[in-house]
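Morning, everyone. Have the chain up on your screens, please, and we'll walk through it.

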Amino acid sequence: MTPAQPVRFSADVEDVRPDERETIEGLNQTFDKILNTTAKDYGHAVRSVHAKAHGILEGRMRIAEGLPPELAQGLFSKPGEHKVLLRISTNAGDILPDAISLPRGVALKVLDVEGERLPGAKGTTQDFIMVNGPVFQAKTADKFLGNLKMLASTTDRMEGTKTVVSSVMRGVNTALQAVGIESTKIASLGGAPNVDPLGETYYSVTPFRYGDYIAKFSLAPVAPALLARKDQEIDAKDRPDAIRETLRDEMRDIDGVWEFRVQLCRDLEKQPIEDPTVQWDEAEAPFQTVATITVPRQDSWDSARVQEVDERMHFMVWTGLAAHRPLGNINRARKDTYQHSADFRAGFNRCPMHEPGGTNG
């Protein structure tokens, strides 16, 4: 089947809800509960989501030559190379033992990016934030707020209890999968398989402007050493930092290669902008490779890099080019809430955020 022509971006593809400001305030209040609880526990502020990093990697992005016009957009409008930083994490807002298995995430920061910036976007970087599943757990930000309140209520609970709950949730999700159902909500609460992050494919989940068009993004492993780790589960029993230890052992001996892929929207009904719970059918809207990311073997928990990236930087979908403006209700809610979390960390830790290529703050 030949895909339809991609939909051209226009401002009216978004449907802004009248209650979005109220929802954002509710999100910030709930994030404050998580941030204040964890900062009090640790004596140090951590991210309100994806607090625990398992690896910090440095590599290069090579943008492909000869891309067709619909793919040669924004950051990818011309071939070239950029330094990149990757932060591999899980999605909880507190630092949990790895026996509590949660969805994986990867935050990608592309350095030295030229072009018109999004409003308020400091520096010269382009951030992409992805998780190892193609859909979001909630249709709208107000629905996500309900889920977040549930997660916030588990912050600061006994870790042993959380471990038991995680095990039960994994069993429930396995049972659902056996009858062809997978629950992203259950996975987000601790029912995700405890897989090796290096073997996973990651998705932006939400849509973005892609220059003249609209797209979702994906980061897919292609190096044989990474593909061999697909669906490989990590034994975290009595190993609170098992994922970090595993990644560190693996990345000392392998070179990682991923493809950065773009999924152009081709039908606004079938590939909606405002509902990230809908998976865009790849048969109708295929992913296409626009760049390759290579990460040479390295210490994935190098103390200097961890300090620079994990402690002194933030990753936000609203840090980047106007050509890659985040779209949809969930993305609009992320703008203030991500900044709110970063400001809290900077203030509590007395360490301004350092965005490459710009002023600190």
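R47 counts as buried because its relative accessibility is 10%; buried means under 20% relative accessible area, exposed over 50%, partly exposed in between, with a 1.4 Å probe and protein chains only. D310 is buried too, also at 10%. R47 and D310 form a salt bridge, with the closest N and O atoms 3.4 Å apart. By salt bridge I mean a side-chain nitrogen of Lys or Arg within 4 Å of a carboxyl oxygen of Asp or Glu. R47 sits in the loop between α1 and β1, D310 in helix α7 (residues 303-311), 263 residues apart. Helices (H or I, at least four residues) and strands (E, at least two) are DSSP runs, numbered from the N terminus.

A word on provenance. This is a predicted model: local features need pLDDT of at least 70, side-chain atom pairs count only at pLDDT 80 or more, and totals for chains, interfaces and linings use all residues. Residues are numbered from 1 along each chain as its sequence is written, and side-chain values use heavy atoms, leaving out hydrogens and water.

How many salt bridges does a search of the whole structure find? It finds 24. E14 and R332 make one of them, at 2.8 Å, N to O. That pair is 318 residues apart: E14 in the segment before α1 (20-42), R332 in helix α8 (residues 329-349). Both E14 and R332 are buried. They also belong to a salt-bridge network with E20 and E274.

Next, D98 and K52. Their closest N and O atoms are 3.0 Å apart, in a salt bridge. Both residues are buried.
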